[in-house]
Amino acid sequence: LKILLTPNVRGNGYFPLSVGQAHALEADMEREFLETACACRAVICCRVTPLQKALVVELVKQHKKAVTLAIGDGANDVSMIKTAHIGVGISGQEGIQAVLASDYSFSQFRFLQRLLLVHGRWSYLRMCRFLCYFFYKNFAFTMVHFWFGFFCGFSAQTVYDQYFITLYNIVYTSLPVLAMGIFDQDVPEQRSLEYPKLYEPGQLNLLFNKREFFICIAQGIYTSVVLFFIPYGVLSYATQSNGVPLADYQTFAVTTATALVIVVSVQIALDTGYWTAINHFFIWGSLGTYFTILFAMHSSILFNIFPKQFHFLGSAYNTLGQPVVWLTIALATVICIAPVLAFRFLKLDLKPQLSDTVRYTQLVLQKKRKPGGRAGRGVGGAGVASGSTLGRLGRGGSRRSGYAFAHQEGFGELITSGKNMRLSSLALATFASRHSGSWIDTLRRKKHANSTDKTR
């Protein structure tokens, strides 16, 4: 048993587990087996039962803070797939039992790379942004009532209209965050496969943790303070064009609610990294829906039908028709959004993430690619050769320029590895032959000129 549990002396980090797996998974040996297995690069469990497969996965789940993934193609892998956090089934000749018990399924094992590095990373990114924005918008909405309680004697009087409270999470702010949680991306899928280090934030739980949670709460509280006290301070001394004061409850409610919807819509627009037609439709459509419902609830039509429910007749028209109200909304929006923009610009400049570097590199290459293809075509044969070579480098070698902006230790391994050199052997041979030939001819001409001068 000790020989079976000892790492291979050849140094490749693999060891088989065949005869001793029943003893290794016992209570007195499982910790030693786990520590030995974690010291190796890979562990091969040969001829084990379906229950023992599940026990190995359960052993890692219990004693290691890691997310486990199990992949299988047959009925004997069902217990292992169900035990792991994420189960992946391969549909093939073994049947579809593993597919039916799994969370994800595909036809070939090679698609696991795309599932993890592309769709898995996107899913983690979308979920983190979804949660951060969800907490932010609800704290910004709810904490306004808390500040209002100091001015109404905590009498349970609400700041907003009752219909606005009902429709805020159902209609006004539901579809934009849903679109972000479905379609959002930080880098294209080709870049996700080219830069495996982009997968690291998910492993280290960097995008959503306690720190990010409290940052979202603090941002929501700050937004609620601005949305309450800015309209309160302005409207307390503001008057209409005819001299009538604007300091009434319904004007304050409409102003605060409108500012809230605009601020959270601008915030989700800033959080969205990949814009589609659906994102535009949901974000700006939600704003349009808010104003449509707002004017409809304060219209004379609903007042004539339901006079007891819609008794604030014309309040929206009167409030939003005042220039000071729109200036108040604009001031509150700027005060809420300006710190966010400043913080993100400073973070992007002082401590950029790898995804920011990849996006910047891709943008630079796209800008250089358009004029670069036409610049060297009228300079002769050498210019054409160098222009075509640069075109191939721009299309396929974007990783090399990403290293210059990475500023991270360990990223050079991706550059020096064979996977990062995207130029084909034919392109390299063409590049070498063209440039080396011209270089040799130049030396020959110089040597011939020197010999001629000496002879003279």
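This is a predicted model: local features need pLDDT of at least 70, side-chain atom pairs count only at pLDDT 80 or more; totals for chains, interfaces and linings use all residues.
Residues are numbered from 1 along each chain as its sequence is written, and side-chain values use heavy atoms, with hydrogens and water left out.

The chain contains 21 helices and 5 strands. Helices (H or I, at least four residues) and strands (E, at least two) are DSSP runs, numbered from the N terminus. Of the 456 residues, 36% count as buried; buried denotes under 20% relative accessible area, exposed over 50%, and partly exposed the range in between, with a 1.4 Å probe and protein chains only. Among contacts (heavy atoms within 4.5 Å) with a separation of 6 or more, 66% are accounted for by residues 24 or more positions apart. The accessible surface of the chain is about 26,900 Å², and carbon and sulfur atoms contribute 63% of this area. Areas were computed by the Shrake-Rupley method with a 1.4 Å probe; for residues, only the protein chains shown count as cover.

Strand S3 (residues 69–72) and strand S4 (residues 86–90) run parallel and are joined by 4 bridges. The chain passes from S3 through helix H4 (residues 78–83) to S4 in a right-handed β-α-β crossover. A crossover is right-handed if, with the strands pointing away from the viewer, the path from the first strand over the helix to the second runs clockwise. Strands are taken as paired if DSSP finds at least two bridges between them. Leucine 69 has isoleucine 86 as its bridge partner in S4, and isoleucine 71 has valine 88. On to strand S5 (residues 104–106), S4 is connected by 3 bridges, again with the two strands parallel. Here isoleucine 90 has phenylalanine 106 in S5 as its bridge partner. Strand S4 is largely enclosed by the rest of the structure, because 4 of its 5 residues are buried.

The whole structure holds 9 salt bridges, each defined as a side-chain nitrogen of Lys or Arg within 4 Å of a carboxyl oxygen of Asp or Glu. One of them joins the side chains of aspartate 77 and lysine 53, with an N to O distance of 2.7 Å. This pair links distant parts of the chain, 24 residues apart: aspartate 77 is in the loop between S3 and H4, and lysine 53 is in helix H3 (residues 50–63). Aspartate 77 is buried at 7% relative accessibility, and lysine 53 is also buried, at 19%.

A salt bridge with an N to O distance of 2.4 Å is formed by the side chains of arginine 129 and aspartate 184. Arginine 129 is partly exposed, at 25% relative accessibility, while aspartate 184 is buried, at 1%.

Within helix H9, arginine 191 and glutamate 194 are 3 residues apart, which means a separation of about one helical turn. These residues form a salt bridge in which the closest N and O atoms are 2.9 Å apart. Arginine 191 is buried at 12% relative accessibility, and glutamate 194 is buried with a relative accessible area of 12%.

Helix H11 (residues 210–235) gives the most to the nonpolar patch, with 3 residues. Phenylalanine 154 is found in the loop between helix H6 (112–149) and helix H7 (162–172); this residue is exposed, with a relative accessible area of 53%.

Glycine 285 is located in helix H13 (residues 277–297) and is partly exposed, with a relative accessible area of 27%. Between glycine 285 and leucine 175, the C-alpha to C-alpha distance is 9.2 Å, and the two are 110 residues apart in sequence.
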